[in-house]
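Subject: Handover of the structure and notes on what was found

Dear colleague,

I am handing over the structure we spoke about, together with my notes on what came out of it. Please read the notes with the structure open beside them.

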Amino acid sequence: MQERVFQELFIFKDACDMIPSVKAALLAVALAGMGATTCAAQTPSVEHGEKLFTDPTLGGAFGTKTCGSCHQDGAGVEFSSEKPNLPKTINMCITRGLRGTPLPMESVEMKSLLLYHESLK
Ligand code: HEC
């Protein structure tokens, strides 16, 4: 799907050079296509949370550590969902452990991580 949009962009390239508005329109279509691809994978789930737990870029982090580096297969966080402020604790580990940026409370990433932590009980 995404590839097809880019092929179309390529075909229209010459015309686009002459008519900037067409170029803008095609770009918008391409971006919308990419957006749709991203959204398709964005429903909170345990599986998504588990993936993020070993994602070195979580929270825009440096990429040297993952949650799993310190909590291998969830070690040490098994009962974290029974404690208050789990989202806050997760964000604390993102900032201090991964040196990333805290996740918004309502984000799919945070919701998925919460689901994953709950699943470890
Ligand atoms: C550099 C090591 C390190 C990294 C990386 C790390 N943590 Fe932690 N985490 C800790 C330490 C240390 C504690 C506090 C020790 C404890 O209470 O067991 C902790 C505690 C926690 C707790 C509270 C556990 C409880 O039951 O009280 C949660 C939840 C947690 N981390 C989640 C995460 C998540 C999610 C990530 C990835 C974003 C992460 N951690 C990355 C070291 C780390």
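Which of the 20 residues around the ligand come nearest? They are Cys67, Cys70, Ser80, Cys93 and Gly97. Please keep in mind throughout that this is a predicted model, and that what follows was computed from it.

The ligand shell

Three helices each supply at least two residues of the shell around the ligand, namely α5 (67-70), α6 (86-96) and α7 (108-119). Of the elements, α6 gives the most to this shell, with 5 residues. Sorted by class, the shell around the ligand holds 11 nonpolar residues, 7 polar ones and 2 charged ones.

The overall fold

The chain contains 7 helices and 0 strands, so that, read from the N terminus, its elements run α-α-α-α-α-α-α. Buried residues account for 17% of the 121 residues in the chain.

Helix packing

Two helix pairs deserve a careful look, and α7 takes part in both. In the pair of α6 and α7, the helices pack at an angle of about 105°, and their axes are 11 Å apart. Because angles of 65 to 115 degrees count as roughly perpendicular, α6 is described as roughly perpendicular to α7. On the α6 side the contact is formed by Leu86, Pro87 and Ile90, which meet Met110, Leu113, Leu114 and His117 in α7. The residues of this contact of α6 with α7 divide into 6 nonpolar and 1 polar, with no charged residue.

In the pair of α4 (46-53) and α7, the axes come within 7 Å and cross at roughly 95°, which makes α4 roughly perpendicular to α7. Here Val46, His48, Gly49, Glu50, Leu52 and Phe53 in α4 meet Glu109, Ser112, Leu113, Leu115, Tyr116 and Ser119 in α7. By class, the contact of α4 with α7 has 6 nonpolar, 4 polar and 2 charged residues. Leu113 is listed in the contact with α6 and also in the contact with α4.

The nonpolar core

The largest nonpolar core has 12 residues in all, and it is made up of Leu52, Phe53, Leu58, Cys67, Ile90, Cys93, Ile94, Leu98, Leu103, Met110, Leu113 and Tyr116. The elements that give two or more residues to this core are α4, α6 and α7. Two of its members, Cys67 and Cys93, are also among the residues that come nearest to the ligand. Ile90, another member of the core, is in contact with Met110 and Leu113 once its neighbours within four places in sequence are left aside.

Residues in the loops

Gly100 counts as buried because 20 C-beta neighbours lie inside 10 Å, and 20 or more is the number that the term requires. Although Gly100 and Gly59 are 41 residues apart in sequence, their C-alpha atoms are 4.8 Å apart in space. Leaving aside its neighbours within four places in sequence, Gly100 is in contact with Leu58, Gly59, Gly60, Ala61, Ile94 and Thr95. Arg99, by contrast, is partly exposed, with 14 other C-beta atoms within 10 Å, and its phi is near 60°, a positive value in a residue other than glycine.

The loop between α5 and α6 holds His71 and Asn85. Is His71 buried, partly exposed or exposed? His71 is partly exposed, since 18 other C-beta atoms lie within 10 Å. The C-alpha atom of His71 is separated by 9.8 Å from that of Thr54, which is 17 residues away along the chain. Beyond its neighbours within four places in sequence, His71 is in contact with Gly76 and Val77. Asn85 is exposed, with 10 other C-beta atoms within 10 Å, and this residue has a positive phi of about 60° although it is not a glycine.

With best regards

Conventions:
Residues are numbered from 1 along each chain as its sequence is written. This is a predicted model: local features need pLDDT of at least 70, side-chain atom pairs count only at pLDDT 80 or more; totals for chains, interfaces and linings use all residues. A residue is near a molecule or strand if its C-beta atom, placed from the backbone, lies within 6 Å of it. Helices (H or I, at least four residues) and strands (E, at least two) are DSSP runs, numbered from the N terminus. Ala, Val, Leu, Ile, Met, Phe, Trp, Tyr, Cys and Pro count as nonpolar, Asp, Glu, Lys and Arg as charged, and the others, Gly among them, as polar. Axes are lines fitted to C-alpha atoms, for helices over the stretch in contact, and angles run from 0 to 180 degrees between N-to-C directions. Angles under 35 degrees count as roughly parallel, over 145 as roughly antiparallel, 65 to 115 as roughly perpendicular and the rest as oblique. Two residues are in contact if their C-beta atoms, placed from the backbone, lie within 7 Å. A nonpolar core is a set of buried Ala, Val, Leu, Ile, Met, Phe, Trp, Tyr and Cys residues joined through C-beta atoms within 7 Å.
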